[in-house]
Amino acid sequence: MSKVLAASCVNGKVTVEGFELSNVEILSEGDGASTGVVIIDTDRAYYLAKTSPDLDTTLAKVMEALEGIKVAVGPDLQFALTLIGSSVGPSEGAAAASASAQITAGMASVTAAINALTTLKGALK
Amino acid sequence: MKVLCRHGHFAFYPRDAGEIFRFCDYFDLEQFKRVGDYFTFPALAEVENYSLLGKKILNLPAIKTCAGHPWEVMAMNGYVYHIASESILPKSTIAGRAALFSVGDYFLSETPLIQPGSRIDSTGQILSYSGTFVEGYSELHVSEFSYE
């Protein structure tokens, strides 16, 4: 007969209902503080951390990085290409315009990726 | 009424409500508590299906982290129910003797219940037994028991 109880783990020490348990096998990887569950099977106990907070944090960081790229790189690069296009010959100007269009398409992809990650983050169980 | 003692935990299976109600009189109780398909002492109804090292099981701290039926939890912690004090005690502290007489195909006890942990002569402690409480004679007919 098994029992599952809410638990937390800090520095390798597992606590359940305020009591620190000894002889608990920690099944999760990583050394960070976590919350999760303890599974007690007869006289053996196992700790399993929740992974959703880690994934949630990771997704948030990736989205933050993408937003940074979109905001910092895209407009500046497009502006630079516009200036170049207006000060060079027709063929160079056409190349600059083409590059600018590619940047626009690239930024749209970044926006699509951010939207997809937002949806995934909201769907985390 | 069927009486089942498992590792110092009691379960009673009365034939009717009146039987378990009258059984209360032997222990100066208002009522027994129903847990699933059996009745038991009010304190034993509070024993959970797990224990955490250091967390109290009724009046005593658990010495082990474990999970199982309440009687299994008590067994793994070495505790038995003490009828007189309505609490749990370590089985090692029970020093009484049980008087059982062999009568045909059962053992006769002159008390309604045998205190878990009691001994018969030089044998080990009786921790589990099953039998029938015969109300008319106020006797417990023990059909089997085990000790360690």
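In strand 6 of chain A, A:Gly36 finds A:Ala49 standing opposite. Keep in mind as you look at this pair that the model is predicted. The two strands involved, strand 5 of chain A and strand 6 (residues 44–49) of chain A, pair in the antiparallel sense over six bridges. They form a hairpin with two residues between the strands, and there A:Thr42 takes a positive phi near 55 degrees.

Strand 5 (residues 34–41) of chain A also pairs with strand 1 (residues 2–10) of chain A: the two run antiparallel and are joined by eight bridges. To find your way along this pairing, look for A:Leu5, whose bridge partner in strand 5 of chain A is A:Val38.

Helix 3 (residues 90–122) of chain A has 33 residues. From its first C-alpha to its last, this helix reaches 48 Å, close to the 48 Å expected at 1.5 Å a residue. Which residues of helix 3 of chain A are buried? They are A:Gly93, A:Ala96, A:Ser100, A:Ile103, A:Met107, A:Val110, A:Ile114 and A:Leu117.

Strand 1 (residues 2–6) of chain B is largely enclosed by the rest of the structure, because four of its five residues are buried. Strand 1 of chain B pairs with strand 2 of chain B in the antiparallel sense over five bridges, and here B:Leu4 stands opposite B:Ala11. The hairpin of these strands has two residues between them, and B:His7 takes a positive phi near 50 degrees. Strand 1 of chain B is also joined to strand 13 of chain B, by four bridges and again running antiparallel; in that pairing, B:Val3 has B:Gly131 as its bridge partner.

Two residues of chain B place a charge over a ring. The charged end of B:Lys2 sits over the ring of B:Tyr13, 5.4 Å from its centre. B:Arg6, in turn, lies over the face of B:Trp71, at 3.6 Å from the ring centre.

Because B:Phe10 lies in strand 2 (residues 9–13) of chain B and B:Tyr81 in strand 9 (residues 79–82) of chain B, the pair ties together parts that are 71 residues apart in sequence. B:Phe10 is buried, with a relative accessible area of 0%, and B:Tyr81 counts as buried at 1% relative accessibility.

Our last stop is a loop. B:Gln125 lies between strand 12 (106–109) and strand 13 (126–134) of chain B, in the loop that links them. Is B:Gln125 buried or exposed? With a relative accessible area of 7%, B:Gln125 is buried. A polar atom of its side chain lies 3.4 Å from the backbone oxygen of B:Ile94. Leaving aside residues up to four places away in sequence, B:Gln125 touches B:Lys91, B:Ile94, B:Gly117, B:Ser118, B:Arg119, B:Ser146, B:Tyr147 and B:Glu148.

Definitions and conventions: Residues numbered from 1 in each chain as written. Chains lettered and ligands numbered in written order. Predicted model: local features only at pLDDT ≥ 70, side-chain atom pairs only at ≥ 80, totals over all residues. Heavy atoms only, no water. Buried < 20%, exposed > 50% of the residue type's maximum accessible area, 1.4 Å probe, protein only. Polar contact = N/O pair within 3.5 Å; in protein donor to acceptor, adjacent residues only side chain to side chain. Contact = heavy atoms within 4.5 Å. Lys NZ or Arg CZ within 6 Å of the ring centre and 35° of its normal. Expected span 1.5 Å × (residues − 1). Pairing = 2+ DSSP bridges.
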